[in-house]
Amino acid sequence: MRIGIVCPYSFDVPGGVQNHVMDLAEALLGLGHEVSVLAPADEDSPLPPYVVPAGRAVPLPYNGSVARIAFGPVSSARVRRWIARGEFDVLHVHEPLTLSLSMLAVLSAKGPVVATFHTAMTRSRVLAAAQGVLQIVLERITARIAVSALARKVQVEHMDGGAVEIPNGVTVAKFSHAAPLPGWPGECGPGEGGTLGFLGRFTEARKGFPILRDAFVELAGTRPGLRLLVAGPGDPDDLFDRFPAPLRDRVTFLGLVSEADKARMLRSVHLYVAPNTGGESFGMILTEALAAGTTVVASDLDAFRRVLDGGRAGQLFPTGDAAALRAALAALLDDPARRAELTACGDQVVAHFDWPVVARRVLEVYAAAIEATDGRVIDQEWAGLG
Amino acid sequence: MPGMWWVVGASLVVGLVAAYLIWTAGRVERLRVRAESAARALDAHLLRRAAAAAVLAERRYGVELYAAARIALDAEPQEREAAENDLTRQLRAVRLDPTEPDCEAVIAASRRLALARQVHTDLVRDARSARGRPLVRLLRMGRRHPWPRYFDIDDPTLELPADVPA
């Protein structure tokens, strides 16, 4: 199948949508399809061979943050040229309701269009005011995909339409084969040692870092050799100030890590802790930790409970309860058999999120969109679904 | 000559209104055609599922499933939704083994049918909402065609994959 994918955000800046698009494109290529990705980027920036640059993106404030997008007559002409040359069987756009290449592509497309919605943005005033315009965009979309239950709920309630829920994928091999950082995770004997991991913005309240901090400080007092590995954006001084002086040398801060280092970091800890207090729609990081074969301890949020299969694939603790977290950590660090049981189950769970598996489900949506556009029915073999 | 400007202004307005009406009529027609194509694809998938179920019933599960599949294949349009729901119920009642090729064919056909149904529902909704606009009703655009109809059946997905929460 010839597939054209449009990414609204520039590959120059890392982000969830960009990673999703690249992983999906690679998985589809791996399944033997022809893929071209259109994304805003400079002509001379280093890009994978399947990406077609659509020119520089300009920063624009949008939805509370700054998005780098490309929109306007020049971009529009490039989008049209790319579509005309590509002769795609199906066009797959991401986040088509932002002012972006995706929206331009939807408006210039004639054939089957599949759209993926990532954000679970609730009905904003902008959205309500532009309803008439957005309707014209939505009318050109044949099939919709939502990456989480929350994103799907927004579709159903606010955009007046259904969507197929297909979760974000994870490239399991990238995580399961990563080498741990030198010297990590170290010893983890009964009553001593062990390494905890946290990844994310530790200053952000909903990430729940203070809960992990409290649990760590209390547990480290009775458990010699317990270490904490933190990765994510932020100021090191700000992080270390949060810990009592004697414990500071047992905390290691990696700063912002690349995708490759993220995989290594997840392989470098005995327990990955997700103490989030809310606002997570999916819990991508948990699937990544499971893919790395690391035991996960997470707050009992809906999204996390779903990913962890109700607690079979990871330990859940009552959201916001530092004492319960401490008890769960102490018990798991002393019980390698239980950890092995959880990671074995995690392997099964994460197999459903592996990109080739997820990409096959996306291909079925492509087939449905093509069929609905011209009424013909596609063979399993032709669509590469078999 | 103020009169001339009146003429220019009036013809400009008439031109804009005409352009909007032509665009709207095109939109209603485009959405209707789309909904019809989706209905054809849905029809094909319904037949496929019923045929796969009939094959399975002949080899393994016997009379009740076979009857449900036959009834779904032969149903008159007004009884078809009920017949398809009945087939879904029958399929849910039997234990399907995903490693068996005949069962896998039914499971795959049901999954594809679920997607076709979702897309059809969305496209019919779009077509109906365009058709229901006051201006479209007033000028009776699209009166040569019947209103696009929903096909109201239960979700035919048989086996929820473990990663999709219920």
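**Figure 1. P96(A) is a buried residue, with 26 other C-beta atoms within 10 Å.** This is a predicted model, in which local features need pLDDT of at least 70, side-chain atom pairs count only at pLDDT 80 or more, and totals for chains, interfaces and linings use all residues. Residues are numbered from 1 along each chain as its sequence is written, while chains are lettered from A and ligands numbered from 1 in the order in which they are written. "Buried" means that 20 or more other C-beta atoms lie within 10 Å of the residue's own; "exposed" means 12 or fewer, and "partly exposed" is in between, with C-beta atoms placed from the backbone. P96(A) sits in the loop between β6 and α3 of chain A. Helices (H or I, at least four residues) and strands (E, at least two) are DSSP runs, numbered from the N terminus. Which residues does P96(A) touch, not counting those up to four places away in sequence? They are S102(A), M103(A), V106(A), A115(A), V137(A) and I141(A). Touching, or contact, means that the C-beta atoms of two residues, placed from the backbone, lie within 7 Å. L138(A) is 42 residues from P96(A) along the chain, and their C-alpha atoms are separated by 8.4 Å.

**Figure 2. Seven strands of chain A form an open sheet with parallel pairing.** The order is β3-β2-β1-β6-β7-β8-β9. Two strands pair if DSSP finds at least two bridges between them. At the edges stand β3 (51-53) and β9 (164-165) of chain A; each has a single partner strand, so one side of each lacks a neighbour in the sheet. Strand β6 (residues 90-94) of chain A pairs with strand β7 (residues 113-117) of chain A over 4 bridges, in the parallel sense. One bridge joins H92(A) to V114(A) in β7(A). Helix α3 (residues 101-108) of chain A packs on this sheet. Helix α3 touches β1 (2-6), β2 (34-39), β6 and β7 of chain A, and its direction makes about 150° with that of β6(A). Axes are lines fitted to C-alpha atoms, for helices over the stretch in contact, and angles run from 0 to 180 degrees between N-to-C directions.

**Figure 3. Strand β8(A) pairs with β7(A) and with β9(A).** The β7(A) and β8(A) pair is parallel, with 4 bridges. Here A115(A) has R144(A) as its bridge partner in β8(A). The β8(A) and β9(A) pair is also parallel, over 2 bridges. In β9(A), E165(A) is the bridge partner of A146(A). Which way do the residues of β8(A) point? A143(A) and I145(A) point one way, R144(A) and A146(A) the other, and all are buried. In a regular strand, side chains alternate between the two faces of the sheet. Helix α15 (residues 355-374) of chain A lies across β6, β7, β8 (143-146) and β9 of chain A, and runs at about 160° to β8(A).

Figure 4. Strand β12 (residues 195-199) of chain A pairs in parallel with strand β15 (residues 271-274) of chain A, over 2 bridges. G197(A) stands opposite Y272(A) in β15(A).

**Figure 5. Chain B meets chain A through 23 residues of chain B and 25 residues of chain A.** On the side of chain B that touches chain A, α1 (2-61) and α4 (101-131) of chain B each supply at least two residues. Which element gives the most to this side? It is α4(B), with 12 residues. The residues of this side of chain B divide into 12 nonpolar, 4 polar and 7 charged. Here Ala, Val, Leu, Ile, Met, Phe, Trp, Tyr, Cys and Pro count as nonpolar, Asp, Glu, Lys and Arg as charged, and the others, Gly among them, as polar. The predictor gives the complex an ipTM of 0.85 and a pTM of 0.81.
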